[in-house]
Amino acid sequence: MGDGTATAGIDVVLERHRTELTGYCYRMLGSSFEAEDAVQDTLVRAWRSHDRFEGRSSLRSWLYRIATNVCLDMLSAGNRRARPMDLTDATPLAQAALSPRPDHTWLEPVPDARVLPAVGDPAEAAVAKESVRLAFMAALQQLPPKQRAVLILREVLAWKASEAAELLDTSVASVNSALQRARATLAERSAPGGEGEVSDPLDEEQQKLLERYVKAFEGYDMAALTALLHEDAVMTMPPFDLWLRGPADITGFMSTIGASCAGSRLVPVRANGLPGFAHYKPDPDNGGFSPWAVQVLELSGGRITGFHCFLDTGRWFPLFGLPLHLEAEAGEGEEGA
């Protein structure tokens, strides 16, 4: 690695690792923004101390060691990010109330491109995508930080126990024990809103399901939407802690409290290894459409099982590189959506 450093310059060499390190820090922290901060801190520390890097391990291992220490320091406050269903019971529609919680409460979405480096091995790519899906990420957040690191290093990144032990300054026996405890914790978890069964790339059935979803949502056709939702489908809306279960409550909410979303537009995005959409709703003051949510969908058995709407558009739309306004197409808006 030393020769590459000399020829390409340390900045360029370090930068090559940004995406995979962001993925690692995101899995550790559950926050896309904190992950980017952690990686920036990691690369700055590496740049400052590179002259003391003796090459006893690979540069990649050294960077992961720094990143792990940065993340463990950030996690020392004990905050565990969560989804609404990790914190409260489902709310019947009749009792639905929109109560926000602070940003640091919530597991955050992330664009695939920021955390999933391009790899040639389809199996490796599939594992990487599955390991940033919302359900798996929520389960990770239940683990103590060092168990979390061990599980990610061993199960997601396929490091040997000896390599993980060296990185964490511990024994192979300790790593194996931590991995066993982490697996047991994950096996016990069965929170609503499963990971889904999303193919990579989407198979024909899933693609058609999404096309039907877009048509139903943009047409605000609740009967059509009901037909696409699994009987145990869940809907979440961070920063609100409300979550709803079942097609009747989900579509009931959308046609009452959420009725202003009629006539919306959906723009495809890829988030957390899952299909998603940028949701723009009609802007009666300025015309066209204004940002409302980043939606992340979980699919299983030809139905939508999870419908997760992240509403802090001032943060999410720039992160996903999305415009903050959509113009109406010719003829749109004349029918009074």
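Strands here are DSSP runs of at least two residues, numbered from the N terminus. The model is predicted.

**View 1. A cis peptide bond between Pro238 and Pro239.** Omega for the bond joining these two prolines is about 15°. Pro239 sits in the loop that links E1 to strand E2 (240–245). Most peptide bonds are trans.

**View 2. Thr236, a buried residue of strand E1.** Strand E1 covers residues 229–237, and Thr236 is part of that run. Its relative accessibility is 2%, so Thr236 counts as buried, the cut-off being under 20%.

**View 3. Ala158, a residue other than glycine with a positive phi.** Phi of Ala158 is near 60°. Ala158 lies in the loop between helix H10 (145–156) and helix H11 (161–167). Its relative accessible area is 61%, and exposed means over 50%, so Ala158 is exposed. Most residues other than glycine have a negative phi.

**View 4. Asp169, a loop residue with a positive phi.** Asp169 is not a glycine, yet its phi is about 55°. The loop that holds Asp169 runs between H11 and helix H12 (172–188). Asp169 counts as exposed because its relative accessibility, 62%, is over 50%.

Note on methods: Residues numbered from 1 in each chain as written. Predicted model: local features only at pLDDT ≥ 70, side-chain atom pairs only at ≥ 80, totals over all residues. Heavy atoms only, no water. Helix = DSSP H or I, 4+ residues; strand = E, 2+ residues; numbered from the N terminus. Buried < 20%, exposed > 50% of the residue type's maximum accessible area, 1.4 Å probe, protein only.
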